Amino acid sequence: MTGGSDSEIVLAPLDEQALPRLLEVAVKGADPIDVMPEVDGPPGWTPERREAFLQFHRRRSLNPDTATETAWTIQVGGTIVGAARLHPVHRGKSVEIEARVWVARWARGRGIGRWVTETLIDAAREGNGGRYVASTSTDNKAAQRLMKSVGANVELRGDDVDSHLDI
Ligand SMILES: CC(C)(COP(=O)(O)OP(=O)(O)OC[C@H]1O[C@@H](n2cnc3c(N)ncnc32)[C@H](O)[C@@H]1OP(=O)(O)O)[C@@H](O)C(=O)NCCC(=O)NCCS
């Protein structure tokens, strides 16, 4: 999946080769909580969290025996600047496609998150319908604005904000 021009944005399927580079970008440019499930321990990118990041992506998307989601690196001009994941969850006859996107701090505010989200929604629409969902916290104004800007319903639930869009 690609954008246009020389600062072209590309969603490249995550693979073993890109995984260590993605970890490096995450360590330099994002908080662990924004890119992976919580891991106990002191704050920051501890060795345990770095290892958990690698294992998480292997389990969730790279190992065909355990994979439940599709993951991509977000690249701009060939450089990794973040990642995106789609996780379909079947609920009876309907499907909810849970989306996660993160962009490194130095690349934020340039429209990358918006392009990626629109591209993921288009990809999700190629399935059999359902609902595109994304969750964040009340203090994450960028993520809320991003979801509003693509036409999602954004609902406050305690400290969380759930966004959904019928596809
Ligand atoms: C949320 C995130 C992916 C947005 O990526 P981005 O590349 O900076 O987003 P964009 O530049 O495309 O901006 C998207 C919208 O958010 C707005 N925005 C960007 N940064 C903002 C900020 N700090 N505060 C408020 N709004 C902000 C933009 O103005 C834009 O809204 P508009 O289209 O109405 O103008 C990025 O901030 C991020 O990675 N955050 C940490 C991880 C996260 O929260 N992921 C989302 C939950 S799955």
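Before looking at sheets, I note the rule: two strands pair if DSSP finds at least two bridges between them. Strands (E, at least two residues) and helices (H or I, at least four) are DSSP runs, numbered from the N terminus.

**Ground rules.** I am working on a predicted model, where local features need pLDDT of at least 70 and side-chain atom pairs count only at pLDDT 80 or more, while totals for chains, interfaces and linings use all residues. Residues are numbered from 1 along each chain as its sequence is written, and side-chain values use heavy atoms, with hydrogens and water left out.

**Strands.** I began with S4 (residues 94–103) and S5 (residues 131–137), which pair in the parallel sense over three bridges. Glu98 has Val133 in S5 as its bridge partner.

On to S3, which runs antiparallel to S4, with ten bridges joining the two. Looking across, I found Ala84 opposite Val101 in S4 and Arg85 opposite Arg100 in S4. The two strands form a hairpin with two residues between them, and Gly92 in the turn has a positive phi of about 60°.

Then I checked S2 (residues 70–76) against S3 (residues 79–91): antiparallel again, over seven bridges. Val76 has Thr79 in S3 as its bridge partner. This is also a hairpin with two residues between the strands, and Gly77 in the turn shows a positive phi of about 55°.

Where does the ligand sit? I find it in the largest pocket. A pocket, on a 1 Å grid over the protein atoms alone, is an open set of points where a 1.4 Å probe fits, with protein on both sides within 12 Å along at least five of seven lines. Sitting there takes more than half of the molecule's atoms within 2 Å of the pocket's grid points.

I count 20 residues around the ligand (a heavy atom within 4 Å). The closest are Val101, Val103, Gly109, Gly111 and Asn140. S4, H4 (112–125) and H5 (141–149) each supply at least two residues of this shell, and H5 gives the largest share, six residues.

A backbone N or O atom of Gly109 lies 2.7 Å from a ligand oxygen, and one of Val103 lies 2.8 Å from a ligand oxygen. Arg145 brings a polar side-chain atom to 3.0 Å from a ligand oxygen. Taken alone the ligand exposes 930 Å², and the protein buries 74% of that (Shrake-Rupley, 1.4 Å probe).

Notes: A polar contact is a pair of N or O atoms within 3.5 Å; within protein, one must be able to donate a hydrogen and the other to accept it, and residues adjacent in sequence count only if both atoms are side-chain atoms. On a 1 Å grid over the protein atoms alone, a cavity is a set of points where a 1.4 Å probe fits but cannot get out, and a pocket is an open set with protein on both sides within 12 Å along at least five of seven lines; lining residues have an atom within 4 Å of a point.
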